[in-house]
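Open the structure in your viewer and keep the selection tool to hand. Each stop below says what to select and what you will find there.

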Amino acid sequence: MTSSKSGENSESLRPDTVAVVAGRPAREQGNALNPPVVFTSTYYSAGVPGEGLVYARVDTETWQPFEEALGLLEGAELPALVFGSGLAAIAAALSLLPVGGTVVVPRHAYQMALAYLDDGAAKYGWQVRRVDIADTAAVLAALDGSDVLLVESPTNPMLEVADLPVLLAAAKERNVITLVDNTFATPLGQQPLKYGADVVIHSVTKYLAGHSDVVLGALVTNSPQLREELKQYRSLHGAVAGPMEVWLALRGLRTLGLRLDRAQANAAELAKRLAAHPKVTQVRHPSLPNDPGHERAAAQMNGFGAIIGLRLLAGAGATTAETADAFISDLRLWVPATSLGGVESMIERRRRWPSESKTVPEDFIRLSVGIENLEDLWADLAQALDKIAG
Ligand SMILES: Cc1ncc(COP(=O)(O)O)c(C=O)c1O
């Protein structure tokens, strides 16, 4: 199976078109439009293994079309590398941090990435410098003497926006390896490689696959050496993806442009309405003109993403956290769940997780806005807000 090399002319195509056409079989008479999903653990191979496929922990023809498509979407010259989960991709990327090395990370970031770093601090002597990633001066100071910068922007869950061009350039000057988790923005929202990131991380589980039906991760880099190192890590540690998951992710990727357009438009309008509601004390969404991340996001992102942060007034006789829990349980359409990036709108109070950073406020609610009709989403939020006793 040769893939279409739809990349040949992809530079002239816009990213939402690339999402549709990349990674397809060649345009030849009788070829399938979609790459097949191949269920095999092993391939015929005799003699000294060469270029071809040999064993499905190392490479498969089901991974390659997805990897080609994601690489092109991130503006990379090399295909992505798919992993069994976003966290497996993070672990692989952090294998670039030496024993005893120092890493700079956002104090608010995906909690399991932070937990992984704590684990590495105990096991490999990693020094973990947690910073407010929106505070550029603080990040620059922390970069001195460090080995790796891990960035999320916008951050999970607090939606802080990092100055990617400045931070990535400063890291390069200091020979600090840069890893950017682009899960929240997606490659349609920002392309960190263009700002000099060494490795881009994705939880494919979220927007890229988009339907809350797979767990998958990926890394993208422009460096052949880094790609080889990360591929070796993948084979050696065995955190590989199943063929069905990758096939589903490529199928999901085809509609990324449509899904993201709708979800982002829904999110911007809901953020505006929530910010004007008397029961609401704080809304975080970079689309809001008074959001601390607004100007930066407008300058470096295409769109503002579809995750909203929300805090509410305390209902009578309740704490704000209790009010948040009651509000969530009064919702009928929004799904109380921990993931994000699916077609369905999801909501949770992040500190219900004991492992969430203690600097995330107890009552902070994260909304992952989906693609349902805006008015239905709003009506559900509004009726639950109305139930808060005033
Ligand atoms: C920003 C971010 N990165 C990485 C991950 C981990 O991805 P996965 O759940 O696919 O392992 C998540 C999961 O929530 C996430 O939100």
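This is a predicted model: local features need pLDDT of at least 70, side-chain atom pairs count only at pLDDT 80 or more; totals for chains, interfaces and linings use all residues.

**Stop 1**

Now show the contacts across the boundary.

**Stop 2: the nonpolar cores**

Select L149 and F327. Among the 79 residues of the largest nonpolar core, L149 and F327 touch the most other members. Domain 1 and domain 2 each supply at least three residues to this core. Next, select L81, A92, A93 and L96. They are included in a second, separate core, which has 27 residues. In soluble globular proteins, nonpolar side chains tend to be buried together.

Go back to F327. Which residues is F327 in contact with, leaving aside neighbours within four places in sequence? Show L310, L312, I347, I365, L381, A384 and L385.

**Stop 3: α9 and α12**

Select residues 256-275 for helix α9 and 374-386 for helix α12. Their axes come within 10 Å and cross at roughly 30°. Angles under 35 degrees count as roughly parallel, so α9 is roughly parallel to α12. The contact uses N266, E269, L270, R273 and L274 from α9. From α12 come L374, E375, L377, W378, L381 and L385. Turn the view to look through the pair: α9 passes α12 in a right-handed crossing. L381 and L385, part of this contact, are also among the residues that F327 touches.

**Stop 4: α5 and α6**

Move to residues 136-143, helix α5, and residues 164-173, helix α6. How do α5 and α6 run, roughly parallel or roughly antiparallel? The axes come within 10 Å and cross at roughly 15°. The two helices are therefore roughly parallel to each other. Their crossing is right-handed. Show side chains here: T136, V139, L140 and L143 in α5 meet V166, L167, A170 and A171 in α6.

**Stop 5: P187**

Select P187, in the loop between β5 (177-181) and β6 (199-203). Is P187 buried or exposed? Its relative accessibility is 3%, so P187 counts as buried. Beyond residues up to four places away in sequence, P187 touches L70, L73, E74, N182, H202 and L208. Finish with a distance: the C-alpha atoms of P187 and L256 are separated by 9.7 Å, though the two residues are 69 residues apart along the chain.

Key. Residues are numbered from 1 along each chain as its sequence is written. Side-chain values use heavy atoms; hydrogens and water are left out. A nonpolar core is a set of buried Ala, Val, Leu, Ile, Met, Phe, Trp, Tyr and Cys residues joined through side-chain atoms within 4.5 Å. Buried means under 20% relative accessible area, exposed over 50%, partly exposed in between (1.4 Å probe, protein chains only). Domain bounds come from an automatic or database domain assignment. Contact means heavy atoms within 4.5 Å. Axes are lines fitted to C-alpha atoms, for helices over the stretch in contact, and angles run from 0 to 180 degrees between N-to-C directions. Helices (H or I, at least four residues) and strands (E, at least two) are DSSP runs, numbered from the N terminus. Angles under 35 degrees count as roughly parallel, over 145 as roughly antiparallel, 65 to 115 as roughly perpendicular and the rest as oblique. A crossing is left-handed if the near helix is turned anticlockwise from the far one by less than a right angle, and right-handed if clockwise.
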